[in-house]
Amino acid sequence: MLRGVLGKTFRLVGYTIQYGCIAHCAFEYVGGVVMCSGPSMEPTIQNSDIVFAENLSRHFYGIQRGDIVIAKSPSDPKSNICKRVIGLEGDKILTTSPSDFFKSHSY
């Protein structure tokens, strides 16, 4: 009797570990459910919307303009922020001040 109970217990623990590993790999490499905070993506993504973030395309394709990137918030590492890519490495950015029309800076 004790042998049967121990066998079932170890089998249950084994299945739990296997399915836990499968779930971890799926959320780490395939994608997962993420809650984005902040109003910066409205009206596309509302504050506290829950979105599915897939991780596969970043391994096969580069980031392009218009893509939405999900990152950890620098002010609160427990929350995620969603941002749209508008500039890429190598782009030149020109800034001007409204008060000084002729003075501009290029970065």
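Leaving aside neighbours within four places in sequence, with which residues is Cys 82 in contact? In this predicted model, Cys 82 is in contact with Cys 36, Ser 40, Met 41, Ile 45, Ile 68, Val 69 and Ile 70.

**Nonpolar core**
- Cys 82 belongs to the largest nonpolar core, together with Val 34, Cys 36, Met 41, Ile 45 and Ala 53.
- This core has 6 residues.

**Asn 80 in strand β4**
- Strand β4 spans residues 80-84 and includes Asn 80.
- Asn 80 counts as buried because its relative accessibility is 15%, under the 20% limit.
- Not counting residues up to four places away in sequence, Asn 80 touches Val 34, Met 35, Cys 36 and Ser 37, and also Ile 70, Ala 71, Lys 72 and Ser 73.

**Largest pocket**
- The largest pocket holds about 590 Å³ of space.
- Its lining comprises 18 residues, and those nearest the centre are Glu 54, Asn 55, Arg 58, Ile 68 and Ile 70.
- Two or more lining residues come from each of α1 (2-30), β1 (31-36), β2 (49-54), α2 (57-60) and β3 (68-72).
- Classed by type, the lining of the largest pocket contains 8 nonpolar, 6 polar and 4 charged residues.

- Helix α1 has 29 residues, and the distance from its first C-alpha to its last is 41 Å.
- That span is close to the 42 Å expected at 1.5 Å a residue.

Technical notes. Residues numbered from 1 in each chain as written. Predicted model: local features only at pLDDT ≥ 70, side-chain atom pairs only at ≥ 80, totals over all residues. Heavy atoms only, no water. 1 Å grid on protein atoms, 1.4 Å probe; cavity = no way out; pocket = protein on both sides within 12 Å on 5 of 7 lines; lining within 4 Å. Points joined across faces, edges and corners; volume = space filled by probe spheres on them. Helix = DSSP H or I, 4+ residues; strand = E, 2+ residues; numbered from the N terminus. Nonpolar A, V, L, I, M, F, W, Y, C, P; charged D, E, K, R; others polar. Expected span 1.5 Å × (residues − 1). Core = buried A, V, L, I, M, F, W, Y, C linked by side-chain atoms within 4.5 Å. Buried < 20%, exposed > 50% of the residue type's maximum accessible area, 1.4 Å probe, protein only. Contact = heavy atoms within 4.5 Å.
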